[in-house]
Each structure stands twice: as structure tokens, then as C-alpha cells.
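Subject: Structure handover

Dear colleague,

Here is the structure I promised to pass on. Please have it open while you read the notes below it.

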Amino acid sequence: MGHTGMNLPLDPLTALSPLDGRYADKTAALRPYCSEFGLIRYRVIVELRWLAFLAREGVMAELPPLTEEQNALLQRLEEGFDTAHARRVKELESVTNHDVKAVEYLIKEQLAGTSLASAAEFVHFACTSEDINNLAHALMLKEARDRVLLPAVDKLLDRLLDMAEALAEVPMLSRTHGQPATPTTLGKEVANFAHRLLQQRQTLADLPLPGKINGAVGNFNAHVAAVPEADWPRLAQRFVSGLGLSHQPFSTQIEPHDGMAGYFHALVRGNTVLLDACRDFWGYISLGYFRQKTKAGEVGSSTMPHKVNPIDFENAEGNLGVANALLCHLAEKLPVSRFQRDLSDSTTLRNLGSALGYTLLALQSALRGLGKLEADPARMAEDLEANLEVLAEAIQTVMRRHGLPEPYEQLKALTRGKRIDRPGLTAFVASLELPAEAKTRLLSLEPATYTGLAARLTREWIAEEREKRLHKC
């Protein structure tokens, strides 16, 4: 009420985004890559390496190959870039009103008075701002993926694999359409999510990130005007590949962002798998199949002292929703640009850190939630024993094999919408004209043992996956 117009200083309590407020400590790992500092730093890296590349390739006599001392100087400028340098860029931007030009001016300031002072005008040579920006954003996404997101996914996968292995033979009642269904094992259900998440992890890890450096409209116009004898397409390919990126040979002023869209969609698919997992784990907690470990001092409800809420899975679910909303918008918007360039992508790209930040939060929350779980085999056994009718599938299938009439219809009449007890099921099986061996097998069948190959499938896949990881190491 009385705070209207107050100019509050920025700190975690006044931050507009929870990524920099409530969750600042949890998203700190992304700051070196996805913050404005990170973007400016990547721009500086691209500019310095372009200068060094032009000199090394002998593109023009006016920029001779650099000496060992000069190359070391550029290396020091790159490695020594810090927040003070980023602030200086912002000061320069306040005058130029152009963020990339401010980076160029910073580098020229740093080269002044050095042995590279005469090379200052070759900084940003023949480049449009988007030559620098697209490469900076690609490096940002690449390093954030490789250094932060994939390690977070791998921690989650390790936990899921351990759980799947430990619970591979613990029988559990399935639910299809929310109704009792053919039994499985708890480990197999965990393995389902691990397998899906691993597939999406590999897709994300293997995605190339494209980059271009071909001038104002993608035709090397200024390059050819200044140095017509150079093979600019080949040089561009070599430079971009040297940054660890995939060369984009055709573009307008901007790299078309199709590679980015693939990256964001891969994250969306992985996040959707995790969302599915979080909802199922939440449900298994609700059913009592998992108990949650308690922590001294924690409160589950402000009024109900008994409660231990599955808040980590709920937090993950909420953050996954925000992340995917941002990622989908980025994937849909960024590849669309009017004619050779409009500015709508520039402000949109400022939100890369937010999209990745909410994804990282969700991964951390899900991992924390998994770490609190303890399976309750006794509770699962209760549900299995209370639903003998799930054996109807096995009985009618054996009847089919041995040619008995209308097996499905007979079991439907016996079990559909009904609870059946052990004597009733035994009497039905005993009345069937089946070979003795088949009848004995059916009479000994229990819901807890009617799990098919669930345990074997789980153990074999986990062993195979661990072997792959061993060879990679």
C-alpha cells in the first residue's frame, strides 16, 4: 500500500524472477553462461578469435600473422574477462545504444597501447552484429548444455537406474485407465522413465548447434569488397567449425535458428518425460507404494501435523510447465524473421537463461524427490492380493491356447466389474478341461508372481546401459 514508487535495490528479495530470487542458489551454475555477463563474454570471445583467425589465415597483407606474444595477449584478454569488463561494456553501450558495438569498443580500448594497437580496426572486420550474436548464443547454449544441463540429467538418470535395479523384482499392481490391471514390478516402471529420459538426453547431447559469419545479408558483400581474392565461404566454415559449432552456409542477416528450435524441442521432450514421471511418482506416493523420508524440523502443513507432502515432485511439475512454455515459444518464434532481418528475435533471445533455468530447477527438484523415496512392498502386496481378478488375462490366454470355447467371454462373465475371491477362482480353474500341467500352473499363479518378464527386462537393460557407460569412461 505505502510502497508505491519505491526504488528498491536489487537483491534476492526484490528480484522479479524467482530464478534470481528464491531460487538464486539453485540456478547459479547457469550464470556464467546464460546471464548478460555470459552473453557479453561470448561476444568478446568471438571477436577476439575472429581477429586471431584472420591473422593466422593470412587473409590480407595488412593484418600479418600474430607473434607468440600477441597471441598470448589475446588469450589473456579472453581468459581475463570479468564482471568489471562487462560493466565497462554497459557503460559504452549507454553511449552507443548498441550492445555489440560496445563490445568492439571495449576490445579496442584493451588493444590500445599494446603491440596490437595497429590491428584495432580489424576487430569486427566485415561483420554484422548478428555474425557475433549468433555465434555467442550458440556457444552459450552449447556450454550450458554440456556443463550444466547434461550433468544434471545424468545425476537424475543415475538415481533412476539405481532405483530400477533395486526394485526390479518388487511386484506391483498396474493401473490402466486408473483401474487394476496386469501386474508389473516397481523397478520396471522406474526403468520405463529412465529409458525414455536417456533417449531424449542423447538426442539433446548429439544436436549440432549451427553458426554463421557471412555478413549483413549472408552474401559476404563487405568481405568481397575488401578482400575479393579470399575464399570467404571456406574461411567462414573453418572459423565456425573451429569454435566447435556446425557451419550454417546459407542465411539472411541472422542465422535462421532452426538448430536452436531443435535444441529447445529436445528439451521440451525430455521435460515432458520428466513431467510424466513426476506425476506417476506423486501418484505412487498417494497410493502408499512409496513412503517419504522425513527431515527434522520440516513442516508438511500449517494445520495438519501428520502430513509429508510430495512437494519436490509438485515443484518439478510447476517448473517444467514454465520451462516448456518458454521453450515452445522460443522454438516457434525464433525461426521466423521478416525479410532479411527484424529485431523481434533479439529481445526474445534474452530469455534463454530463464528457459534453461526453470528446466534446471525441475531436474534438481525431481532428483531431491527421488532421494526421499522408500518403497513399501507390503502395501503393494495388499493391493495385489485384493485384486485376484487381474489373473483373468492369464487364464483366458491359456484357455485360448488349448482350444477351450469362448475363453474371453467366460472370464468376462466371471470377473468384469466384480471382485473374485480365491475359492471362486480356484473352482473356476479346476473346472476347466485343460492339460494337468497347464491347470497346475494356473492354480499356483498369484498376482505377485504374474509379472511376466518385468524383472528380467529391467535387469538386462540396466546391465547393458552400465556396460556402455563403463566403455565410455
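What follows is what was found in it, from the whole chain down to single residues.

Please keep in mind that this is a predicted model.

**Overall shape**

The protein chain contains 20 helices and 6 strands. Its C-alpha trace spans about 100 × 60 × 40 Å along the principal axes. The radius of gyration is 30 Å, whereas a compact globule of 473 residues would have one near 23 Å. Buried residues make up 48% of the 473 in the protein chain. Accessible surface comes to about 23800 Å², and carbon and sulfur atoms account for 54% of that. Take the contacts between residues at least 6 apart in sequence: 78% of them join residues at least 24 apart.

**Cores**

The largest nonpolar core holds 125 residues. Trp232, Phe264 and Phe281 have the most contacts inside it. Helix α7 (residues 129–166) gives the most to this core, with 19 residues. A separate core has 19 residues, including Leu388, Ile395, Leu404 and Leu425.

What does Trp232 touch, not counting residues up to four places away in sequence? The list is Trp50, Leu54, Val59, Phe125, Phe220, His223, Val224 and Val227.

**Helix α6**

Helix α6 covers residues 99–111. From first C-alpha to last, its 13 residues reach 19 Å, close to the 18 Å expected at 1.5 Å a residue. Of these 13 residues, 10 are buried, so α6 is largely enclosed by the rest of the structure. Among the buried ones are Val100, Val103, Leu106, Ile107 and Leu111. Asp99, Glu104, Lys108 and Gln110 are also on the buried list. What do the buried residues of α6 pack against? They pack against α3 (36–56), α4 (68–79), α5 (83–96) and α7. After α6 comes Gly113, with a positive phi near 80°.

**The β1–β2 hairpin**

Strands β1 (residues 171–176) and β2 (residues 179–185) run antiparallel and are joined by 5 bridges. Ser174 stands opposite Ala181 in β2. The two strands form a hairpin, with 2 residues between them. His177 sits in the turn and has a positive phi of about 60°.

Helix α12 runs over residues 311–333. Its end C-alpha atoms lie 33 Å apart. That agrees with the 33 Å that 23 residues should span at 1.5 Å a residue. The buried residues of α12 include Phe313, Leu320, Leu327 and Leu330. Asp312, Asn319, Asn324 and Lys333 are buried in α12 too. The cover over these buried residues includes α11 (258–287), α13, α14 (352–371) and β6 (373–375).

Thr348 is found in helix α13 (residues 344–349). Is Thr348 buried or exposed? Thr348 is buried, because its relative accessible area is 10% and the cut-off for buried is under 20%. Leaving aside neighbours within four places in sequence, Thr348 is in contact with His329, Leu330, Lys333 and Leu334. Leu330 and Lys333 are among the buried residues of α12. His329 and Thr348 are 19 residues apart along the chain, and their C-alpha atoms are separated by 9.0 Å.

Best regards

Definitions and conventions:
Residues numbered from 1 in each chain as written. Predicted model: local features only at pLDDT ≥ 70, side-chain atom pairs only at ≥ 80, totals over all residues. Heavy atoms only, no water. Helix = DSSP H or I, 4+ residues; strand = E, 2+ residues; numbered from the N terminus. Buried < 20%, exposed > 50% of the residue type's maximum accessible area, 1.4 Å probe, protein only. Contact = heavy atoms within 4.5 Å. Expected span 1.5 Å × (residues − 1). Core = buried A, V, L, I, M, F, W, Y, C linked by side-chain atoms within 4.5 Å. Pairing = 2+ DSSP bridges. Rg over C-alpha atoms; globule rule 2.2 N^0.38 Å. Areas by Shrake-Rupley, 256 points an atom, 1.4 Å probe, with all protein chains shown as cover.
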